[in-house]
Amino acid sequence: MLNLILFGPPGAGKGTQAEFLIKTFHLIHLSTGDLLRSQIAEDTALGLEAKRFMDKGELVPDEIVIEMIKSKLDANRDAAGFIFDGFPRTVAQAKALDTLLNENRMPVSGMLCLEVDKQELINRLLNRGKTSGRSDDQDVSIIENRINVYHEKTLPLKDYYAAQNKHFLICGMGSIDEIAERLTSTVKSLQE
Ligand code: AMP
């Protein structure tokens, strides 16, 4: 079983690259951002609660996202593996994920961290905002807050996975194909 965490700041290309990796390695894509946005679109109580945080570029409380991931894992017990995109984002989420996966004897295979320059991230997000309709991609101060939250709360996860020898740094600059190639060869090395 292949359980990959696609890691990196907002705008690093996680969603784009996840699409490519799920096809190549037949994995199930679990994006907490997408799951939260569909809750908002369906006007659920959870969506309303999450939106208050997302609109400001803040993280949604751990319990909410952990519960969402738990129910997706339970619903896909026969999967060949998962690609976690935008999750975990805090050490508490990473610990909860380890507990969930270890219960089913399917530990994290690797954390693939895409590294991209800050100005390039801002340009990519503003560009995406023109077509995605996402309000958090259209305002530079919200984008900067999301990048700051990443540095403060999410980046410490590098050490968490490095301590387990599961942290892989991938250059996220260049063309989509070049980045996909770097990711694929790292994932193949994990399978050996
Ligand atoms: P994303 O689509 O991954 O950029 O996420 C968009 C927004 O959803 C983030 O800015 C957070 O407000 C929220 N979000 C997504 N995933 C998580 C997570 N794992 N933990 C907390 N908040 C999250």
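# Exercises on Strands, Pockets and Ligand Contacts

Four bridges join strand β2 (residues 28-31) to strand β3, and the two run parallel. Helices (H or I, at least four residues) and strands (E, at least two) are DSSP runs, numbered from the N terminus; two strands pair if DSSP finds at least two bridges between them. The model is predicted, so local features need pLDDT of at least 70 and side-chain atom pairs count only at pLDDT 80 or more, while totals for chains, interfaces and linings use all residues. Residues are numbered from 1 along each chain as its sequence is written, and side-chain values use heavy atoms, leaving out hydrogens and water.

## Exercise 1: Strand β3

**Solution.** 

Why is β3 largely enclosed by the rest of the structure?

**Solution.** 
1. Buried means under 20% relative accessible area, exposed over 50%, and partly exposed in between (1.4 Å probe, protein chains only).
2. Five of the five residues of β3 (residues 81-85) are buried, and therefore the strand is largely enclosed by the rest of the structure.
3. In a regular strand the side chains alternate between the two faces of the sheet.
4. In β3, G81, I83 and D85 point one way, F82 and F84 point the other way, and all are buried.

## Exercise 2: Strand β4

Determine how strand β4 is covered and paired.

**Solution.** 
1. Strand β4 comprises residues 110-115; five of its six residues are buried, and the strand is mostly covered.
2. Four bridges connect β4 with β1 in the parallel sense. The bridge partner of I5 in β4 is M111.
3. Five bridges connect β4 with strand β5 (residues 167-171), again in the parallel sense. L112 stands opposite F168 of β5.

## Exercise 3: The pockets

Describe the volume and lining of the largest pocket.

**Solution.** 
1. On a 1 Å grid over the protein atoms alone, a pocket is an open set of points where a 1.4 Å probe fits, with protein on both sides within 12 Å along at least five of seven lines; lining residues have an atom within 4 Å of a point.
2. Grid points are joined across faces, edges and corners, and a volume is the space filled by probe spheres set on the points. For the largest pocket it is about 970 Å³.
3. Its lining holds 46 residues, of which K14, R89, R128, R134 and R146 lie nearest the centre. Elements that give two or more residues to this lining include β1, β2, α1 (14-25) and α6 (118-132).
4. Ala, Val, Leu, Ile, Met, Phe, Trp, Tyr, Cys and Pro count as nonpolar, Asp, Glu, Lys and Arg as charged, and the others, Gly among them, as polar. The lining of the largest pocket divides into 17 nonpolar, 17 polar and twelve charged residues.

**Solution.** 

## Exercise 4: The ligand

Which of the 15 residues around the ligand come nearest?

**Solution.** 
1. A residue is near a molecule if one of its heavy atoms lies within 4 Å of it. T32, R37, E58, G86 and R89 come nearest to the ligand.
2. A polar contact is a pair of N or O atoms within 3.5 Å. A ligand nitrogen atom lies 2.9 Å from an N or O atom in the side chain of R89.
3. For the side chain of Q93, the distance from a ligand nitrogen atom to an N or O atom is 2.9 Å. A polar backbone atom of V60 is 3.0 Å from a nitrogen atom of the ligand.

## Exercise 5: Backbone details

Is H26 buried or exposed, and what is its phi?

**Solution.** 
1. H26 is found in the loop between α1 and β2. Its relative accessible area is 59%, so H26 is exposed.
2. H26 has a positive phi of about 55 degrees although it is not a glycine.

Where is P88 placed?

**Solution.** 
1. P88 is in the loop between β3 and α5 (91-103).
2. The peptide bond from F87 to P88 is cis, with omega near 0 degrees.

Definitions and conventions
Polar contact = N/O pair within 3.5 Å; in protein donor to acceptor, adjacent residues only side chain to side chain.
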